[in-house]
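Me: I would like to learn how to read the features of a structure. Could you take me through them one by one?

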Amino acid sequence: MTGDKTEFEKVTNFGNLYKAYKKSQKGNGSSKSKLKFEAAALDGIHQIKRLLETGKYSVDPYSEFKVYEPKERTIKAGSFKDKIVQHSLCDNVLLPLLGKEFIQTNYAGQIGKGTLYGLDCLKVQMYLAYQKYGYDCWIVKGDISKFFYSINHNILKDMVEYFVSDEDVYWICEKFIDSTDGLGLPLGNQVSQVFALLYLSCFDHFVTGELGVKYYGRYMDDFYLIVESKDYAKDCLENIKSFIGILNLELNGKTQIIPFKNGIKFCGFHTYVTKDGKVIRKLTNEKKRAAKKKYRKMAKLVRENKLSKEKFIRSYESWKNHVSHGNCVKFTYKMDKMVSEIIT
């Protein structure tokens, strides 16, 4: 391998790999690959460094399992060794490099952003749209069908190669892109999250640049735009369908054009503006049902001594902190009452 080693050295630097190792220890349970690696961690980091620098690094086979909330998905978990490489690659090169390309209202997978950041931006945008257009503007609410499973490897590699000039860093990226056969990226990989952000970044610039949409936001495959007329909304939607087709993607059946007065479901909340211009944010009915189901199930595990009461309380308090960012006082009170009755 040849080329400028500056970015590559950031990935292979022993100190950076050690920091990546410490990050990878968090939230990884006690997988066999983790326990095996920790037994001789310093030697393991040296081995990773050597594999990368000699061009002999390869991605291990994935462990697969399914999750069912908020919907059924197949997660492909990488080995502990590969998690370390991904942390070093993403934290030291990809995110600092590609972060300049991402627009402010691309909400996912970046430090300082996330669902709450996206919801707060949406709140501001809805208020500004109401002030500018009144109550008669329109929302395009879009959802890309099977986004992660549809990402085209060749298109993605062209994008990565455009932004990543270091040939050795590109080589590592290519290893992870092609670690699964055919289309798609493995859910569960940190680098997949970064590549997914990049894959639709050109779409973000198309909507805000070419289409001239001022009020727009996206959280992974879920996006919205607010425009002044229904005709403009229809025109935007047709152009969006054509553009994402070039990326080998398509919109799913949940995509729709909505009157502004109806508000929008985004990141688990229903956000709308009252006639007097007040922005309200409430949990969606789906999220309410999911919360009740989750904590009834967890309470049953506590009663069966399969889950500690302390863990239950920590989880419930974390949920309450999340919903406190919405107008959810009545529902939270009902949940408090329900939890109190079933946990005591």
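Reply: A residue is called buried under 20% relative accessible area, exposed over 50%, and partly exposed in between (1.4 Å probe, protein chains only). Please keep in mind that this is a predicted model, where local features need pLDDT of at least 70, side-chain atom pairs count only at pLDDT 80 or more, and totals for chains, interfaces and linings use all residues. Residues are numbered from 1 along each chain as its sequence is written, and side-chain values use heavy atoms, with hydrogens and water left out.

Me: How many disulfides does the structure hold?

Reply: A disulfide is a pair of cysteine sulfur atoms within 2.5 Å. By that test the structure holds zero disulfides. For Cys-137, the nearest cysteine sulfur belongs to Cys-236 and is 13 Å away. For Cys-173, the nearest one is that of Cys-90, at 8.0 Å.

Me: Which residues touch the most other members of the largest nonpolar core?

Reply: In soluble globular proteins, nonpolar side chains tend to be buried together. A nonpolar core is a set of buried Ala, Val, Leu, Ile, Met, Phe, Trp, Tyr and Cys residues joined through side-chain atoms within 4.5 Å. Here the largest core has 71 residues, and Leu-94 and Phe-147 are the ones that touch the most other members. Helix H5 (residues 80-98) gives this core its largest share, eight residues. As for elements, helices (H or I, at least four residues) and strands (E, at least two) are DSSP runs, numbered from the N terminus. A second, separate core has 37 residues, among them Cys-121, Phe-266, Tyr-316 and Cys-328.

Me: What is Leu-94 in contact with?

Reply: Contact means heavy atoms within 4.5 Å. Leaving aside neighbours within four places in sequence, the partners of Leu-94 include Val-164, Cys-173, Val-191 and Phe-195. Ser-192 is buried at 2% relative accessible area, and beyond residues up to four places away it touches Phe-148, Leu-185 and Pro-186.

Me: Now the charged residues. How many salt bridges does a search of the whole structure find?

Reply: Side chains of opposite charge can pair when their charged atoms come close. The rule for a salt bridge is a side-chain nitrogen of Lys or Arg within 4 Å of a carboxyl oxygen of Asp or Glu. The search finds 16 of them. In one, Asp-60 pairs with Lys-81, with the closest N and O atoms 3.3 Å apart. Asp-60 is in the loop between helix H4 (41-53) and strand E1 (63-67) and Lys-81 is in helix H5, so this pair ties together parts that are 21 residues apart in sequence. Asp-60 is partly exposed at 27%, whereas Lys-81 counts as buried at 15%.

Me: What other salt bridge does Lys-81 form?

Reply: Lys-81 also forms one with Asp-82, where the closest N and O atoms are 3.5 Å apart. Both Lys-81 and Asp-82 are buried. Elsewhere, Lys-265 and Glu-286 meet in a salt bridge of 3.5 Å, N to O. That pair links strand E7 (residues 264-266) with helix H13 (residues 285-303). Lys-265 is partly exposed at 46%, and Glu-286 is partly exposed at 41%.
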